[in-house]
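Good morning, everyone. Today I would like to walk you slowly through one structure, so please keep the sequence and the model in view while I talk.

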Amino acid sequence: TQLFLDEIRAARGRGVDVTSEVLPYEAGSALISSAVFGRDWQTIFGIDYPDVEWAATGERFNKSTWDEYRREHPDGAVIHHYLKKDWTRRALTEPGVIVVSDLLPMKDRETSVAPHNGAFSRVLGRYVREEQLLDLPTAIRKMTLLPARRLEGIAPAFRRKGRIQQGADADITIFDPTTVIDRATYRDPYQESAGI
């Protein structure tokens, strides 16, 4: 992570318009039939079969079960554990790194791939309140103003986003900083965050 962040910092120093973002989780979820798993995913992610679990049951894979599930259950979701908490923590503290969520709108609980819900609540509850890794204004800025500023050059509507001021859009989330926390997990992604 540090090498990656150093490269970004050096590029910015040379005038290159580059930024980065962090999703505050250490795993990802996708369909077992996803294109990435048709390539050398072990090398790409630096993991192996036991680092991947079947989302429905928590079962971990070996080569035999992996091949069987890809063939017989292509619409099933897997959770691949490929990141380290230290990487997440380091990226969160880097100035200019945007905090993101990869949650997409869900049609319904039965047909959606297991999205993970609660990225911003996780940052506010775990990394601001519990670990005191970030102060509250910095965390909010990384989730609101930084992404708005990143996008406003190509989408002028974002000049009215991510800030509370006269003329801005009133996109406000009210939360209790003493109780806000994510409750969703990769195996149970539909739990709403607390304290919102």
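Let me begin with a term: a residue is called buried when its relative accessible area is under 20%, exposed when it is over 50%, and partly exposed in between, using a 1.4 Å probe and protein chains only. Please also keep in mind that this is a predicted model, in which local features need pLDDT of at least 70 and side-chain atom pairs count only at pLDDT 80 or more, while totals for chains, interfaces and linings use all residues. Residues are numbered from 1 along each chain as its sequence is written, and side-chain values use heavy atoms, with hydrogens and water left out.

With that in hand, is D182 buried or exposed? Its relative accessibility is 3%, and therefore D182 counts as buried. You will find D182 in the segment after α7 (145-151), where helices (H or I, at least four residues) and strands (E, at least two) are DSSP runs numbered from the N terminus. The side chain of D182 makes polar contacts with the side chains of R122, at 3.2 Å, and R126, at 2.9 Å. A polar contact here is a pair of N or O atoms within 3.5 Å; within protein, one must be able to donate a hydrogen and the other to accept it, and residues adjacent in sequence count only if both atoms are side-chain atoms.

Let us turn to the strands, which pair if DSSP finds at least two bridges between them. Strand β4 (residues 77-81) has four of its five residues buried, so β4 is largely enclosed by the rest of the structure. Strand β2 (residues 27-31) pairs with β4 in the antiparallel sense over five bridges, and within that pairing A27 has H81 as its bridge partner. Strand β3 (residues 52-54) also runs antiparallel to β4, joined by three bridges, with E53 partnered by I79.

Finally, the aromatic rings. How many aromatic pairs does the structure hold? There are eleven, where rings of Phe, Tyr and Trp (its six-membered ring) pair if their centres lie within 6.5 Å, and planes under 30 degrees apart count as stacked, over 60 as edge-to-face and the rest as tilted. The ring centres of F61 and Y69 are 5.4 Å apart with planes at 90°, so this pair is edge-to-face. Both F61 and Y69 are buried, and they belong to one aromatic cluster whose members include W41, W54 and Y82.
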